[in-house]
Amino acid sequence: MNEQSVALNTDQDEPIHIPDVLPVMALKDVVLFPYVIVPLSVGRERSVKAVDEALAANRLILLVTQKDPAIEEPEPKHLYEIGCVAVIMRMLKLPDGNIRILVQGLSRARIDYFTKTEPYLEARLTRLEEPKLEESDLQVEAFVRTVKQGLEKATNLGKQISPEVMLVASNLDDPLRLADLAASNLDLKTEDAQRVLETEDPVERLKLVHELLTREISLLEMQQEISSQARGEMDRSQREYFLRQQLKAIQKELGEGEDLDEEVDEYRKKAKEAGLSEEAMEELEKQLKRLGSMHPDSAEASVIRTWLDWITGLPWSKVTEDNLDVKAARKILDEDHYDLEKIKDRIIEFLAVRKLKPEGKGPILCFVGPPGVGKTSLGRSIARALGRKFIRISLGGVRDEAEIRGHRRTYVGALPGRIIQGLHQAGTSNPVFMLDEVDKIGADFRGDPSSALLEVLDPEQNFSFRDHYLGVAYDLSKVLFITTANIIDTIQPAFLDRMEVIRLAGYTEEEKIEIARRHLIPKQIDENGLSPELIEFTTPALRLLVDGYTREAGLRNLEREIGSVCRKIAVAVATGDRRRRRITPKVVERLLGPRRFLPESQLKEDRVGVVTGLAYTAYGGDVLFVEALALPGKGKLTLTGSLGDVMKESAEAALSFAKAKAAELGVDPEWFDNHSIHVHVPAGAIPKDGPSAGVTMLTAIVSAACSLPVRHDLAMTGEITLRGDVLPIGGVKEKILAALRVGIQDIILPAENERDLADLPARARRQARVHLVRHADDVLDLALVRGDNQGNTGD
């Protein structure tokens, strides 16, 4: 039963006889007062039968309020003792079986006892007569005036009281009826309204109603004061926030604010499943509280939701189980890559250590080598062997530190750094994480990404990596980081110090042919829709592809040329010719045209002032020629060929040594004063620099000064000092392979580089004749062709 409206009828001139026994109907949350008219909805079976009985008799019924409105079938003990006798003025039956009645209170009544409880409640009652008041009671008159003024003030403060009620109240002289009228229109709690109904003493009743009315007025004044202050201080955006807060309160009352609560609970559930750290959970709870106090559609709420999605989506405690079977891992590595024994051994060592000490820290490996030698594919193979997820990001050209550490949340469109993004993508905390092209990282006013990576790649620090966007520490110690680079010269020293450098040199001709057979040819046959039954590559054809159509340390161009051959065969197959093709050197030249690289680069004859040098570039080893020409002049040294500062200084050091040793070399000391020397390195458009051309330039200068030819079948590399000592250099394996590619087998190396010969493939060690030297005199003895030193010389 719900109260729908309140009215008052004061025209009860004829008293109605109230019997001692009446049917009783329980009210859930309404207290009826005498002379008040209330519409009620009746649905409970007992209540319907009680109404029927009243209508069949004298239309009178006793209405008593329940102590607990939650009880659907109240018993006598669940009802208050004092209620109100009412007359049923109207009754309307509804299609659903319920009824609507309009009742008016007549008199207070006390229940003596219940005469029956089925099929409806019936009770014997005692009517409570209203006491008589003396007209001259000043206290009562004061209360009456105060209550009337209070009702008017409450109306002015925004209390919803109908004008008809206010008109009746202003003309009402009966204090007790005024008290009942005021109580029925103040929206009192059921307990407070029942106290007013049960208070028989007139003064006490008026006093109680006055207290309740005063409290209501105080609340209305406070509400109005708060609203007034807020309106005075708010600008347009604040006013919108105030309205949204009111809307939020309304939505909460209507049950529509539950969606946000459900969203917050869902985030807490995700956080629990993700296994966030203690610090991350504290920050998450802080942000959830902020989200709960905002409007769901505000811009800041959207920012917080994005942050919550990121932090709950990270694999805080999720890891993949490592495959610690050493033999199985070795088999996978051998399947994916030919040779590369040193790197395979290092991965097997890592697996063995992890098997013996699961909580050990992972290494930071750096693969250094020319393009196309398999650095990235090796990372994928390592991930497959370990049974881990593989993530790769390229850092080439990255200049902004935020790419690594993320943007702070105050920026529009802020996101975590690429490290956190990669882990989010992997869905596990221990992937194999490859950082490609670390030698090409830039730096500008936005920060230095290399410095930001110091924390990521330091096992002593990365257990608490702090991304600017997340704002909490994340453990990276379980990640196996692998970096790749073409050269290490451009890598920041502190950055390089944190990595274990493993070099991948170029491949020999035989290695390329074997890799092509095992990996490249099957891959290209599959990608071009062919089958092994339709095409066969012969070894001479592969050798021609390696020597005549590609010249590189890696395998990318070789794979392209093999793919080009396969595509041309695919055209024939697609037109219906399904004959098996045997790819020979003649077929290669017919399909790809004339060979692009001739087997040159080795001089045809011994020449004065021309020396074959060896260089190490980002693309592997290479052969270059150094030319020296003596001209009439005054001892000037001219250097051309886009040489860097280091090579220029090497040339000047070589010239100084030659001048100092002129007599021993058989050169007139005044010769250098009367001649200028021009040193040139061909391919002038290509910048060249490095510390390993000293012996080459010295040999060219001495050859030009002495007019002695230099052996054409000899290549050399090494730096010299002013005293003539030959210093060790880098890139030994790549340089020797470059010499062998052009057919030069005799190679001069510094004696201190003897240890590097162990890295050479077995075939290269058999082919190369390495001459180890310690002084420039040894170099000149080997390189210059004197009258008594014709032909090849070797150790």
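Glutamate 45 and lysine 49 both lie in helix α1 (residues 45–56), 4 residues apart, or about one turn of the helix. Helices (H or I, at least four residues) and strands (E, at least two) are DSSP runs, numbered from the N terminus. This is a predicted model, in which local features need pLDDT of at least 70 and side-chain atom pairs count only at pLDDT 80 or more, while totals for chains, interfaces and linings use all residues. Residues are numbered from 1 along each chain as its sequence is written, and side-chain values use heavy atoms, with hydrogens and water left out.

**Salt bridges**

The structure holds 46 salt bridges. Each is a side-chain nitrogen of Lys or Arg within 4 Å of a carboxyl oxygen of Asp or Glu. Three of these pairs are listed here.

| Pair | Closest N to O |
|---|---|
| Glutamate 45 and lysine 49 | 3.2 Å |
| Arginine 205 and aspartate 180 | 3.7 Å |

Arginine 205 and aspartate 180 link distant parts of the chain. Arginine 205 is in helix α6 (residues 202–233), aspartate 180 in helix α4 (residues 175–184), 25 residues apart.

How accessible are the partners? Buried means under 20% relative accessible area, exposed over 50%, and partly exposed in between (1.4 Å probe, protein chains only). Arginine 205 is buried at 1%. Aspartate 180 is buried too, at 2%. Glutamate 45 is exposed at 55%, and lysine 49 is partly exposed at 33%.

Arginine 195 and aspartate 192 sit 3 residues apart in helix α5 (residues 190–198), so about one helical turn separates them. Arginine 195 is partly exposed at 42%. Aspartate 192 is buried at 19%.

Salt bridges also form a network. Arg330, Asp334, Glu341, Lys344 and Asp345 are linked in it.

**A buried strand**

Strand β3 (residues 36–42) has 6 of its 7 residues buried, so the rest of the structure largely encloses it. Strand β6 (residues 99–116) runs antiparallel to β3, joined by 6 bridges. Strands pair if DSSP finds at least two bridges between them. Serine 41 has arginine 100 of β6 as its bridge partner.

**A charged patch**

Asp645, Glu649, Glu652 and Asp689 gather in a patch of negative charge on the surface. Such patches join like charges within 9 Å, using residues with over 30% relative accessible area and no salt bridge. Aspartate 645 lies in helix α22 (residues 645–660). Aspartate 645 is exposed, at 55% relative accessibility.

Technical notes: Patches are made of residues with over 30% relative accessible area and no salt bridge: like charges are joined within 9 Å, nonpolar side chains (Val, Leu, Ile, Met, Phe, Trp, Tyr) within 5 Å. Accessible areas come from the Shrake-Rupley method with a 1.4 Å probe; for residues, only the protein chains shown count as cover. Lys and Arg count as positive and Asp and Glu as negative; His and the chain ends are not counted. The place of a charge is taken as NZ of Lys, CZ of Arg, CG of Asp or CD of Glu.
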